[in-house]
Protein chains: 6
Amino acid sequence: MNEPLVYLSGKLIPESQAGLKVYDAGIVLGATTTEMTRTFGKELFRIEDHVDRLFRSLKYMDLDIGLSRQDVIELSVEITTKNAALIAEDAELGLIHFVTPGEFSAYAGSAAGQQSMKPTVCMHTFPMPFQLWAEYFRTGIHVITPSTRHVPPQCVDPKMKNRSRMHWYLADRETHLSDPKAITLLLDLEGNITETSGANFLIVRDGKVLSPTLRNILPGVSRQQVIEICIEEGIEFLEQDLQIHDVANADEAFLSTTPYCMAPCTRINGIQIGNGTPGPIYHRLIGAWSKKVGLDVVKQVLGEL
Amino acid sequence: MNEPLVYLSGKLIPESQAGLKVYDAGIVLGATTTEMTRTFGKELFRIEDHVDRLFRSLKYMDLDIGLSRQDVIELSVEITTKNAALIAEDAELGLIHFVTPGEFSAYAGSAAGQQSMKPTVCMHTFPMPFQLWAEYFRTGIHVITPSTRHVPPQCVDPKMKNRSRMHWYLADRETHLSDPKAITLLLDLEGNITETSGANFLIVRDGKVLSPTLRNILPGVSRQQVIEICIEEGIEFLEQDLQIHDVANADEAFLSTTPYCMAPCTRINGIQIGNGTPGPIYHRLIGAWSKKVGLDVVKQVLGEL
Amino acid sequence: MNEPLVYLSGKLIPESQAGLKVYDAGIVLGATTTEMTRTFGKELFRIEDHVDRLFRSLKYMDLDIGLSRQDVIELSVEITTKNAALIAEDAELGLIHFVTPGEFSAYAGSAAGQQSMKPTVCMHTFPMPFQLWAEYFRTGIHVITPSTRHVPPQCVDPKMKNRSRMHWYLADRETHLSDPKAITLLLDLEGNITETSGANFLIVRDGKVLSPTLRNILPGVSRQQVIEICIEEGIEFLEQDLQIHDVANADEAFLSTTPYCMAPCTRINGIQIGNGTPGPIYHRLIGAWSKKVGLDVVKQVLGEL
Amino acid sequence: MNEPLVYLSGKLIPESQAGLKVYDAGIVLGATTTEMTRTFGKELFRIEDHVDRLFRSLKYMDLDIGLSRQDVIELSVEITTKNAALIAEDAELGLIHFVTPGEFSAYAGSAAGQQSMKPTVCMHTFPMPFQLWAEYFRTGIHVITPSTRHVPPQCVDPKMKNRSRMHWYLADRETHLSDPKAITLLLDLEGNITETSGANFLIVRDGKVLSPTLRNILPGVSRQQVIEICIEEGIEFLEQDLQIHDVANADEAFLSTTPYCMAPCTRINGIQIGNGTPGPIYHRLIGAWSKKVGLDVVKQVLGEL
Amino acid sequence: MNEPLVYLSGKLIPESQAGLKVYDAGIVLGATTTEMTRTFGKELFRIEDHVDRLFRSLKYMDLDIGLSRQDVIELSVEITTKNAALIAEDAELGLIHFVTPGEFSAYAGSAAGQQSMKPTVCMHTFPMPFQLWAEYFRTGIHVITPSTRHVPPQCVDPKMKNRSRMHWYLADRETHLSDPKAITLLLDLEGNITETSGANFLIVRDGKVLSPTLRNILPGVSRQQVIEICIEEGIEFLEQDLQIHDVANADEAFLSTTPYCMAPCTRINGIQIGNGTPGPIYHRLIGAWSKKVGLDVVKQVLGEL
Amino acid sequence: MNEPLVYLSGKLIPESQAGLKVYDAGIVLGATTTEMTRTFGKELFRIEDHVDRLFRSLKYMDLDIGLSRQDVIELSVEITTKNAALIAEDAELGLIHFVTPGEFSAYAGSAAGQQSMKPTVCMHTFPMPFQLWAEYFRTGIHVITPSTRHVPPQCVDPKMKNRSRMHWYLADRETHLSDPKAITLLLDLEGNITETSGANFLIVRDGKVLSPTLRNILPGVSRQQVIEICIEEGIEFLEQDLQIHDVANADEAFLSTTPYCMAPCTRINGIQIGNGTPGPIYHRLIGAWSKKVGLDVVKQVLGEL
């Protein structure tokens with residue numbers, strides 16, 4: 001049988017059977033923490049870093065899943081290896097982890113029930129759909145800041161990758177009014193740049209890479225990869241509050257994210273960034289990235305490998 | 001067969017088969033809008049009001065579910081009638097509606113995929129677990145304000161009942177450090193009283209019922225029921241910003257909510273409210289409520305009917 | 001000669017000669033307060049109310065223009081009467097007042113120079129360009145909330161009509177990315193609905209007219225006209241904080257403003273409001289308005305008088 | 001003829017004829033971006049930096065003026081050279097650039113009209129009035145923080161030098177109630193120090209120069225000059241949030257600004273800063289500045305050259 | 001002996017011996033709640049209302065002083081009667097209550113020590129120094145809004161009269177820079193008008209009395225007196241957010257406060273309010289007040305009784 | 001006589017006679033600035049730093065106490081030396097300084113009276129109660145973030161150690177609902193970590209010590225000691241905004257404070273920090289501290305010296 005396997009709360013099951021019951025807190029509350037990584041050449045990318053962040057999120061939620069970091073890594077490798085055998089040789093897999101507090105007894109949302117619940121732990125994979133992102137590399141991404149704002153850390157800290165994402169859904173609607181292909185870049189309550197729904201946002205100014213501070217964003221593993229490459233390349237990487245004015249006047253801008261590593265942003269709210277094409281710092285960084293993972297990540301996305 | 005039925009995206013299926021696939025936006029984004037109502041004497045309570053609010057939420061999300069208000073009401077009645085036949089004569093049903101934007105293709109969260117998705121629409125029931133709430137009526141509820149704050153309307157408007165509720169999960173943890181039986185009462189970013197996770201919060205002062213403004217809270221159907229009873233009883237009902245000081249010094253306080261209608265709150269952050277027992281306004285209102293629905297709602301919760 | 005006259009700091013001059021010197025504070029600081037009214041049947045509409053508001057603004061700025069309210073009214077009538085003689089019989093005039101702190105000596109912006117400056121006072125007229133607004137009446141207005149927010153009252157109080165309007169310029173750019181014909185509706189820093197650049201924004205819910213509170217908006221003279229009509233018609237008019245959710249779910253929405261009195265809003269951020277056409281309350285109000293001013297204001301805008 | 005020339009939208013005209021029509025967006029909206037530089041020994045100071053910032057502002061406004069950076073620099077030099085010939089040998093010129101979106105057709109402020117407007121571009125000069133500032137150097141400046149706050153970047157980003165400055169006008173009134181010679185130092189909405197109406201504000205603590213962060217202030221060219229001198233002099237220059245407490249307890253404080261380079265601040269809200277006289281770091285920096293521009297800038301302001 | 005008596009934690013002692021030890025929480029923390037009332041014709045004014053508010057404050061602090069409301073009233077009357085015998089026949093007494101959590105053991109501020117502490121309860125009187133306020137009645141009060149803001153209710157609720165008043169001290173300094181006789185009127189963090197250090201602030205517009213909302217202010221007993229008089233006189237009394245613009249353009253403004261009942265405010269930040277003299281509504285209200293207490297309160301302050 | 005001496009406004013008096021009169025601004029307003037230091041081996045610790053900070057606070061309050069820094073240091077040494085002779089050989093003294101604006105004339109709080117007041121200056125000592133803190137060293141401290149927030153710097157700057165601490169009192173109540181032995185860690189209005197009532201809060205991540213920024217906290221002398229030790233030990237010390245998520249996921253956390261130097265924090269809101277025991281960085285720092293002061297500070301607190 002060539003159906004991929006899903007790890008769900010202790011069992012490996014075929015994907016077609018994988019789902020949550022309607023009383024699972026992941027459905028009732030969206031109180032789900034999650035991770036996503038991928039393979040390069042079918043090897044999982046920085047799986048330790050993703051699992052570490054998952055356990056930081058679990059600590060923040062005070063949730064014990066009954067598995068150690070090492071357990072989760074081994075299960076991740078197992079499921080990825082098995083499912084990778086089902087896809088084309090040059091394809092890659094994405095791997096998702098998610099954890100919810102578990103299933104409520106029938107009456108949804110009762111606080112009383114939480115103490116005795118058993119967390120739902122799930123890991124599943126999917127073939128990387130590179131064709132979705134090819135255009136990002138060809139023309140650059142258009143980011144738009146809608147009126148909807150990012151949830152502040154005193155409500156839910158964005159340092160935990162989580163799935164209470166209604167504000168992203170609402171924000172995307174607004175963004176797509178202007179440009180159906182644009183990507184939402186949320187401002188925080190003070191009007192600072194934060195992140196996109198699936199990526200960190202970075203700009204280049206005077207040869208330095210600038211990032212919003214960690215106050216309002218996910219500490220992305222791909223962002224960490226960029227930081228490490230910057231160190232190796234002797235490029236300064238700084239964190240500071242950034243506003244739309246900074247982005248519009250940046251020399252370059254790009255996203256860092258697990259699925260497609262780094263993609264150039266060439267417009268914000270309809271204003272061209274830099275000269276409107278991927279810039280030299282971007283090229284250096286993505287080049288170094290490709291070397292690190294042993295394949296040309298741009299060509300892979302463009303289907304030119 | 002005596003298994004209850006669940007309506008799921010066009011089909012009636014046995015509850016044991018009801019669930020969402022792991023790529024459903026309800027799991028991936030928590031971008032779910034929901035309603036909950038119940039029966040009194042097995043008749044659905046204000047079902048039109050709940051369906052109206054559901055459609056207001058769908059409008060805010062710009063989501064078309066391909067069903068009219070009337071369709072949803074009829075389906076609600078059908079499923080409730082069928083499932084009510086399976087429970088004891090003096091039991092009641094809760095009815096939950098929820099809608100998600102639908103299933104993503106495998107790669108989760110892609111904005112690009114949203115346009116062609118078909119919303120997931122679900123309705124399911126459960127027997128009312130009155131025993132969970134009996135203590136609320138006997139000793140009154142203790143509400144606690146943790147440090148976690150309510151998500152502001154510029155991120156997600158609480159006027160839409162929704163399931164991006166991670167902040168409630170985090171807040172409940174804090175609350176239960178102080179008192180495992182207490183209920184979380186969230187403050188907004190300015191320190192105003194908002195609501196509990198499943199109920200509106202109301203106080204009584206000088207013979208008037210005071211509510212937080214609609215800016216930060218769900219316009220509850222049970223709250224509307226309280227307003228209507230207040231009008232009939234000649235009790236003034238006012239909306240204004242309230243803070244902890246107001247609650248600590250209220251004459252009475254109570255929650256209004258679908259499952260148990262109204263329950264007295266007798267403490268906030270360990271401070272006794274009024275004389276620590278349900279007060280005269282509360283008794284008048286719950287008495288009038290009981291008359292309206294044709295059964296003594298307090299006795300029903302206490303198992304004394 | 002048939003050139004209209006402009007009142008500029010004590011003199012009546014032909015419009016082609018009217019302008020400000022580059023050191024005028026109106027150019028250097030945008031520290032200008034302004035009013036705009038119009039004629040109905042060539043009679044100035046509520047000129048006393050506009051001049052009263054101008055003097056409230058001058059008081060807030062602590063500026064003495066050396067003219068009494070009565071002086072300004074008389075000059076307004078004089079210039080309007082003279083210029084009205086130059087336009088077609090069925091045309092109408094708009095009348096603008098504006099006041100700046102006056103001309104700086106050459107070095108711009110010096111605080112030291114302010115004490116001895118003489119305010120620049122200007123009044124000028126223009127023929128009402130009804131054709132610009134006809135489409136608003138035919139299809140209804142689309143309002144959009146961009147990410148740019150309204151300047152808060154602790155910086156500049158919007159109760160003073162003023163010309164430090166860079167934020168409106170920036171906001172309009174964002175709005176026009178989505179829809180070049182849409183009108184910007186600014187949110188305040190907390191995400192509440194405020195006003196458009198040239199009009200007050202009102203919604204109808206359950207037969208009542210609801211307005212944002214005066215905290216964040218201009219107390220419009222046309223809005224006052226709507227209030228007075230509401231009283232006469234027995235329609236309740238309420239002020240409260242409103243958010244996008246309220247507008248999307250309103251029964252009706254409309255703008256009130258000097259140039260075209262009242263125009264229906266039928267969409268917000270791409271979401272249809274009510275049934276997408278002007279509603280019954282709107283029709284009652286604009287009908288009453290037409291009676292008050294002795295002409296059908298809708299037909300006038302549509303060129304059908 | 002000895003009247004200075006003004007560049008106005010493509011033409012060089014005598015200053016007495018330079019002005020804007022009443023429908024220019026610079027008058028109607030205050031939607032004007034501006035720059036100011038000056039000469040030292042009749043040579044323009046860092047003209048490239050000022051023109052670069054002008055073009056960053058134009059990009060933020062998405063305004064195309066039909067001139068390249070080089071064009072603007074050449075026009076700047078031309079007008080400065082011509083006008084410098086009209087003033088005394090030891091005098092200096094200030095040069096102002098400003099750009100507005102252009103003239104509206106008669107009905108002011110219509111969004112519809114913006115697309116076809118042609119920006120108004122103006123450059124004009126004035127003799128530097130050094131006598132206005134001499135007292136600043138003799139006794140030091142008294143800065144005062146009024147209750148009016150700086151417009152936040154989510155409304156208008158202060159990184160764009162712009163002329164929607166009503167809040168400065170209102171703030172100056174408050175400041176001058178306490179001391180008619182004092183200069184306004186605005187706080188932001190969180191109570192952080194920002195800038196004065198025409199200068200950046202800097203303090204010295206423990207031998208380091210501290211600046212508010214760029215979030216809330218203009219990135220001044222003179223501030224940049226200070227940074228470069230600090231690097232040359234081995235003085236650390238840091239950006240951080242500063243409050244009144246920091247200023248009152250600073251060792252030194254000063255303004256950096258085009259007209260008079262750097263001037264000492266010796267009091268804030270009536271509290272003496274340091275020992276109330278210009279300090280050693282200030283002297284080093286202004287000394288280095290004088291060397292860089294080839295003349296003693298303090299003596300020049302004091303008329304002692 | 002003619003020394004007044006002070007009630008201090010259970011004892012009546014001569015005033016010269018009354019004080020707190022240096023480890024009292026009133027000195028160490030400023031965690032003191034307080035009340036102040038006065039006599040009219042040597043009878044205590046609304047003593048029940050003041051004691052009620054004291055007990056609301058104690059409830060908010062969760063402090064049990066071991067005395068009932070009735071106990072405190074009787075002690076208040078006793079001390080007032082005794083001390084009133086020591087002053088001139090036409091003099092009046094002020095009466096202060098204050099309560100602190102009590103004395104720490106030597107190490108100040110230890111949270112651990114709080115549980116076993118015994119509250120310090122103090123009541124003391126002083127002759128009313130009417131001459132301090134005579135000028136307020138003669139020329140009207142000048143109120144000034146400094147940059148320091150009121151502490152928000154999420155830190156300390158101003159509905160509790162309390163003595164953590166450092167912000168008032170700092171604010172007064174700023175105010176007195178402009179006018180040593182002016183009274184501080186604090187803005188809240190959003191720029192709304194709140195209250196003065198010792199009085200509620202009210203304005204009159206269009207024949208109605210307007211007050212800031214109770215969110216940010218003490219619910220003053222004298223303010224309550226004004227409300228009751230307004231009801232009797234048929235004058236509408238409304239609560240709403242007010243800003244400086246509202247005050248500058250009010251018809252009248254005044255303070256309500258225990259010591260001098262009501263005093264006119266005739267300037268805000270140097271701007272004249274109304275025509276700069278006490279207005280007709282003020283006169284009606286203070287006239288009614290005088291009737292209620294059986295003496296002309298204006299003449300009493302002016303020393304003309 | 002073996003009673004310790006207190007310095008009070010110019011006199012040395014026995015502690016039993018030391019107190020403030022009820023009209024002292026320290027009681028009436030809580031407008032008190034304070035310092036606390038202690039002895040190590042009966043030598044005052046960093047007395048110059050404490051006196052410097054006291055004078056910075058006095059400058060912020062614009063208060064002249066008629067004593068020089070040197071005067072205060074000498075008086076500090078004198079009183080400490082004298083009182084140290086009264087305690088056991090191995091005991092230590094705490095030394096408190098506090099200054100209030102002085103005594104009001106009878107009518108409390110009148111702004112008018114402030115100009116002529118003479119500040120109250122007090123210095124007093126107490127034996128260090130090490131036993132109170134022993135448990136902190138044995139099991140680590142549990143910090144809790146209640147809903148009450150820290151007063152923001154635009155009201156009172158926490159860089160001044162002051163005694164308007166009602167919010168701490170209210171916050172401690174909430175904290176002790178969860179755990180009577182826990183210590184309050186206040187969040188600021190944006191949800192950032194600030195400080196505890198008597199200590200700075202620091203965390204360790206990846207071998208670096210991280211502190212909240214100075215915006216919201218006291219620049220503690222013990223914190224400065226930690227910084228200096230970090231420099232000597234080659235441990236990086238950084239300031240940045242920190243949230244609960246950072247603390248829950250820190251490797252270590254600790255308090256720095258005068259009384260007990262440094263104590264480990266092992267839980268936040270019930271979540272274990274690191275492995276729940278004092279970590280290696282903590283041990284290095286406290287070890288270095290002990291060397292600097294010539295005694296084992298941990299053993300001293302544990303009574304094991």
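F:Tyr7 stands opposite F:Leu12 in β2(F), strands here being DSSP runs of E with at least two residues, helices DSSP runs of H or I with at least four residues, and both being numbered from the N terminus. That facing pair belongs to a predicted model, in which local features need pLDDT of at least 70 and side-chain atom pairs count only at pLDDT 80 or more, while totals for chains, interfaces and linings use all residues. Residues are numbered from 1 along each chain as its sequence is written, and chains are lettered from A and ligands numbered from 1 in the order in which they are written.

Strand β1 of chain F, residues 5–8, is joined to β2(F) by four bridges, and the two run antiparallel; strands count as paired if DSSP finds at least two bridges between them. The two belong to an open sheet of six strands in chain F, ordered β2-β1-β7-β6-β4-β5, with antiparallel pairing. Because β2 (11–14) and β5 (43–44) of chain F stand at the edges and each has a single partner strand, one side of each is left without a neighbour in the sheet. As a general point, side chains in a regular strand alternate between the two faces of the sheet.

Helix α2 of chain F, residues 47–61, lies across β4 (33–40), β5 and β6 (93–100) of that chain, and runs at about 180 degrees to β4(F). The angle is taken between N-to-C directions on a scale from 0 to 180 degrees, with axes that are lines fitted to C-alpha atoms, for helices over the stretch in contact; residues are in contact if their C-beta atoms, placed from the backbone, lie within 7 Å.

Two loops deserve a look for their backbone angles. Most residues other than glycine have a negative phi. F:Lys42, in the loop between β4 and β5 of chain F, has a positive phi, near 70 degrees. F:Lys42 counts as partly exposed because it has 15 C-beta neighbours inside 10 Å, where 20 or more other C-beta atoms within 10 Å make a residue buried, 12 or fewer make it exposed, and numbers in between make it partly exposed, with C-beta atoms placed from the backbone. In chain C, the loop between β1 (5–8) and β2 (11–14) holds C:Ser9, whose phi is likewise positive, near 50 degrees. With 18 other C-beta atoms within 10 Å, C:Ser9 is partly exposed.

B:Leu185 stands opposite B:Thr196 in β10(B). The two strands form a hairpin with five residues between them, and B:Gly191 in the turn has a positive phi of about 90 degrees. Elsewhere in chain B, helix α6 (residues 221–233) contains B:Glu228, which is partly exposed, with 14 other C-beta atoms within 10 Å. The C-alpha atom of B:Glu228 is separated by 10.0 Å from that of B:Leu285, 57 residues apart along the chain.

How many helices and strands does chain A contain? Chain A has nine helices and 16 strands. Its radius of gyration, taken over C-alpha atoms, is 20 Å, close to the 19 Å that the globule rule gives for 305 residues, so chain A is as compact as a globular protein of that length; the rule is 2.2 Å times the number of residues to the power 0.38. The C-alpha trace of chain A spans about 55 × 45 × 35 Å along its principal axes, and 62% of its 305 residues count as buried. Of the contacts in chain A with a separation of 6 or more, 68% are between residues 24 or more positions apart.

By contrast, no contact joins chain B and chain D, whose closest C-alpha atoms lie 14 Å apart.

Methods: Contact = placed C-beta atoms within 7 Å.
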